[in-house]
Amino acid sequence: MRDQTRVQRLIGALELTYDATNWLNIINRTGVDTYTDRRSTVYPIGAGQSPTGQIGQSTIQETQINNDLIARATHDFSESLGGTLLVGANINIRRGEQVGANATNFINPFSPPQLDNTLADSRQPFNLVLEQRTAAAYAQVDLAFFNQLYLTGTGRAETASTFGPETSSTFFFPAGTLAWQFTKLAPFTENKVLSFGKARLAYGSVGVQPTPYLTRTYYVPGDANIIADGWGTTLDAANYGGGFVRSNVQGNPEIKPERKTELEGGLDLRFWQDRINFSITGYTNRTKDAILTVPVAATTGFVSTSANAAEIENKGLEISLGADVINQPDGFVWNIAPNYSLNRNEVTDLSGAESIFLNGFTGTSSRAVRGYQMGALWGSRWERNSETGSLVFDTNGFPIQAATEGIIGDPNPRWRGGLGNTFSYKGLSLNVLFDHVDNLDVWNGTKGALYSYGTAKDTEAETTVSAADAATLRLWNSQTVAQRYQPNADGTYTFRGSVTDFGAGPVVADEQWYRNGLGNGFTGPAEQFIENVSYTRLREITLAYSLKLPWLTERAKLQSVDVSLTGRNLALWTDYTGVDPETNLTGVSNGRGLDYFNNPSTRSYIMSLNFNF
């Protein structure tokens, strides 16, 4: 197999400044970020992924242009009061294109990889164009009182091409902050312990735009993904000269941006000439009109639509600490920086629905469920006593699967923490970063599948029981061990599996339970494969050296040459029985906590060389 990607990227910026007066200046700032990503994937004939061979080639191009025109005025009204007024306009244009093809069934096994070396009816070309435009006007007022009390107010009016034509064309987002650097007061000016102190309070409202092309219903190629009868008959219009059908995703002309409103307060402190710093922040926010994909009645001719369907509340706390454990002038410095954060959220409204599917499978999914945290794990579960919550068992002592699905886990962690250490000596520095995620639920769908195949580590056990036990121990299919298996020469019985107790006495979980019973991820409840886990990761190590040569500075105006070597995701410690609890089946999305043959997080090594003029 060969999987290649080649990226060419260009980032540029241009800023023009004009000082109209000694109190007014005008700035025009333009930025461009464009890249081309060429990808190629080849599976030779005989590969497990595609025995007849497979090739995929694609080119991805994305360009973003951003322009800000800003006028800034400053004025000191008195020695104790100064202010700044900023007024600006923004234009942002994003355009993305994808074009490529996938093909299978190589004709000549000795040919270099090329699309022409495949059967014509096995080629699947594709192309995609995305364009998004945003225009905004904004203003900001900054006031400083007595050089210690700072007040900022901002407002942004925004319009975008992704807003629905039947909703407001412009949305306004206000914000304000108040900060008091109380150590400027006389009692603190000579304080040798507390060198800096600031209390802050902020309120703001921000928006999240809808993704492009949610406002209309489109026609799409009539392939087997669209023209199908459940798991049965499918039809591909390409086999009959091609054709288009109306998409089963209904457009929403009333779609509007999500709006998140947040209130935040915090305290920043530094001690002993800034050798120790401490920061604590508490916040509460509410997201209204959250954009989710929601199902619609089949009688409409559609399957789903995107809508402003949810309200979500968040409350959290963030704490960080930094300290120079050792700080020798012009010598060795050791800085330690721990941090801690927690967040609790709740889906408070779903426009009348109990839950909305976010990502996953039919039997196991991550959902928005009213009254629970966002992304709650939902699926098939064990039958439980409504009063005690204990499992309900059949006559053989095995648990019973419930008739209805429900909440089976919470993929949101109880808290997160990190620990950074930086060691430096003159131009040499070493940075080591650990992070920890505590107490979250992950659905180990991989284990559920391997149980069915009989290839999971847990299923390799062999158990030997006495003749007396074999006559009483029950299997899932109601047989005893003695009825199912042949005795050994000494009268004992050996089987592949184990004796376990689900709560109603010892039973035998053998191949029948894992393959045909409820002990696997296909025919059994997903709840049994929910794991409550924690993990600690060596997130990053960076070794860097900054070389400064006076003679090079004089001749080439080169201030320094910085060399660094970085390693990321170098080690993982976890009680998770799968590969990596941090990965997610659906990637970066609202759905989370799903592991189904996921690849682990990528380990990477990066070397960089920077010339600073």
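**Notebook: salt bridges, a covered strand and a nonpolar patch**

I started at Glu 511, which is partly exposed with a relative accessible area of 42%. A reminder to myself that this is a predicted model.

Next I looked up the partner of Glu 511: it forms a salt bridge with Arg 515, with the closest N and O atoms 3.1 Å apart. Arg 515 is partly exposed too, at a relative accessible area of 40%. Why are Glu 511 and Arg 515 separated by about one helical turn? They sit four residues apart in helix H5, residues 511-515.

I then went through the salt bridges of the whole structure, and the search finds 21. One of them joins the side chains of Arg 9 and Asp 33, at 2.7 Å from N to O. This pair links distant parts of the chain, since Arg 9 lies in strand S1 (residues 2-19) and Asp 33 in strand S2 (residues 24-43), 24 residues apart. I noted Arg 9 as exposed, with a relative accessible area of 55%.

Another pair I checked is Arg 568 with Glu 540, whose side chains meet in a salt bridge of 3.2 Å, N to O. Arg 568 is in strand S26 and Glu 540 in strand S25, so the bridge ties together parts 28 residues apart in sequence. Arg 568 counts as partly exposed at 36% relative accessibility, and Glu 540 is partly exposed at 22%. I also found a network: salt bridges with shared partners join Asp 435, Arg 537, Arg 539, Asp 580 and Glu 582.

On to strand S17, residues 364-369. Is S17 largely enclosed or open? Six of its six residues are buried, so S17 is largely enclosed by the rest of the structure. In a regular strand, side chains alternate between the two faces of the sheet. I checked both faces of S17: Thr 364, Ser 366 and Ala 368 are buried on one side, and Ser 365, Arg 367 and Val 369 on the other.

The neighbours of S17 came next. Strand S16 (residues 355-360) pairs with S17 in the antiparallel sense over five bridges, and a hairpin of three residues joins the two. Strand S18 (residues 376-379) also pairs antiparallel with S17, over four bridges. Ser 365 stands opposite Gly 360 and opposite Trp 378 in S18. In the hairpin between S17 and S18, I noted Gly 371 in the turn, with a positive phi of about 90°.

My last entry is a nonpolar surface patch of about 1100 Å², with Leu 428, Tyr 545 and Phe 611 among its residues. Strands S21, S25, S26 and S28 each give two or more residues to the patch. Leu 428 is in strand S21 and counts as partly exposed at 40% relative accessibility.

Key:
Residues numbered from 1 in each chain as written. Predicted model: local features only at pLDDT ≥ 70, side-chain atom pairs only at ≥ 80, totals over all residues. Heavy atoms only, no water. Buried < 20%, exposed > 50% of the residue type's maximum accessible area, 1.4 Å probe, protein only. Pairing = 2+ DSSP bridges. Patch = residues over 30% accessible without salt bridge, like charges linked within 9 Å, V, L, I, M, F, W, Y side chains within 5 Å. Areas by Shrake-Rupley, 256 points an atom, 1.4 Å probe, with all protein chains shown as cover. Salt bridge = Lys/Arg side-chain N within 4 Å of Asp/Glu carboxyl O.
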